[in-house]
Amino acid sequence: MNAARLYRTMRLIRRFEERAIELVRSGDIASGIHPCIGQEAVAAGVCAALRPDDIVLSNHRGHGHLLAKGSDPGRFLAELAAKDTGIDRGRAGSFHPSDFSVGVYGASGTVGHGAAIAAGVAWAVGQDSDRVVVSFFGDGAVSQGALLESFNLAALWQVPVVFVCENNYYATTLPADTAIAGTVTGRAEAFGIPAYTVDGQDADVVLEAAAGAVGRARAGGGPSLLEFSTYRYEGHHTFERTMRLRYRDEAEVARWRARDPLALQASRVAPGERERIDAEIETLLDEAVRYAVESPQPDPLDAFDHLYAGGMRVRAGVSHA
Ligand SMILES: Cc1ncc(C[n+]2csc(CCOP(=O)(O)OP(=O)(O)O)c2C)c(N)n1
Ligand SMILES: [Mg+2]
């Protein structure tokens, strides 16, 4: 993988979220978002190890996962803005997006539960293909029953899934060391799943680890777990900016900012090439923002359309045939 491609993906994720935060402030994205700024190397490195037909299950902090898998930034921003032109016609928003066109089969907002869907999808695709499934979750997910049950069946049935824990050391405001007995890797190892703790701030290191786990799954070697050590630079959610929560000390944040994954990757790309990529992404995102903001507001009477296969008999209180 060339350094510039990884840098481009990471820069796209960073700038996409910075632009999305502006749209939260302007009221165009009413839900707020969970930014992954600081964690871009994990999304970029893991997805760079995947084929286009491989599958990703994401979580509430999933913008990076979708963009790294190839989602269109304009249609994704329109999704965040709840527009009908969004990738899920505005029904999923920031927290539950899927994009089947690039192999993202959904994002579970229920912490830890995406792993169960991932294990099931991996079992299904493993019947007649060599496709691989990646399940992204945070440190807050690792004591959830559904996640541990997924480890059990994935190991028992040797399904082609890579469990990716983005350990950013906090679940909302709860420090991981006050919430996790034992270790993250120890949980997987208890089920016979090979597990590694890896530097999540260096995209090259992430890619190498992911390529190993993906290759193993593709060759029929079954599941693995990768625990990436990383950090979010923003609050848990954009609403945190209004809350004055004090759960991380400034020295800790500064220490992690000094290992900014985007700056590290930028240092591996020639300056001229970097400027070209940065300019290309600004143009792309200007267009994406315009598309999201200028797309018309959806008709409230359509609010229940597409929610259930077969539709609903009543929409917005209005009976229709
Ligand atoms: C089962 C469940 N419990 C609680 C919540 C509320 N909640 C949303 S995000 C979150 C923290 C998740 O932390 P982590 O898994 O470490 O991911 P991060 O936010 O750090 O990326 C919580 C508790 C939820 N969505 N689902
Ligand atoms: Mg966390």
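**A loop and its surroundings**

Tutor: Let's start at Tyr-169, which sits in the loop between strand E4 (161-167) and strand E5. Helices (H or I, at least four residues) and strands (E, at least two) are DSSP runs, numbered from the N terminus. This is a predicted model, in which local features need pLDDT of at least 70 and side-chain atom pairs count only at pLDDT 80 or more, while totals for chains, interfaces and linings use all residues. Residues are numbered from 1 along each chain as its sequence is written, and chains are lettered from A and ligands numbered from 1 in the order in which they are written.

Tyr-169 has a phi near 75°, a positive value in a residue other than glycine. Most residues other than glycine have a negative phi. Tyr-169 counts as partly exposed, with 17 C-beta neighbours inside 10 Å. Here a residue is buried if 20 or more other C-beta atoms lie within 10 Å of its own, exposed if 12 or fewer, and partly exposed in between, with C-beta atoms placed from the backbone.

Now meet a contact of Tyr-169. Asp-139 lies in the loop between E3 and helix H6 (145-156), and it counts as buried because it has 23 C-beta neighbours inside 10 Å. Leaving aside residues up to four places away in sequence, Asp-139 touches several residues, including Asn-167, Asn-168, Tyr-169 and Ala-171. Two residues are in contact if their C-beta atoms, placed from the backbone, lie within 7 Å.

Strand E3 (133-138) and strand E5 (170-171) each give at least two residues to its shell. Of the 15 residues around ligand 1, those that come nearest are Arg-61, Val-111, Gly-138, Gly-140 and Ala-171. A residue is near a molecule or strand if its C-beta atom, placed from the backbone, lies within 6 Å of it.

How far can you trust this picture? The mean pLDDT of the protein is 95, and 96% of its residues reach 70 or more; pLDDT is the predictor's confidence in each residue, from 0 to 100. Confidence is highest in E4, at 99, and lowest in strand E10 (residues 318-319), at a mean of 50. Where pLDDT is low, the predicted coordinates should not be read in detail.
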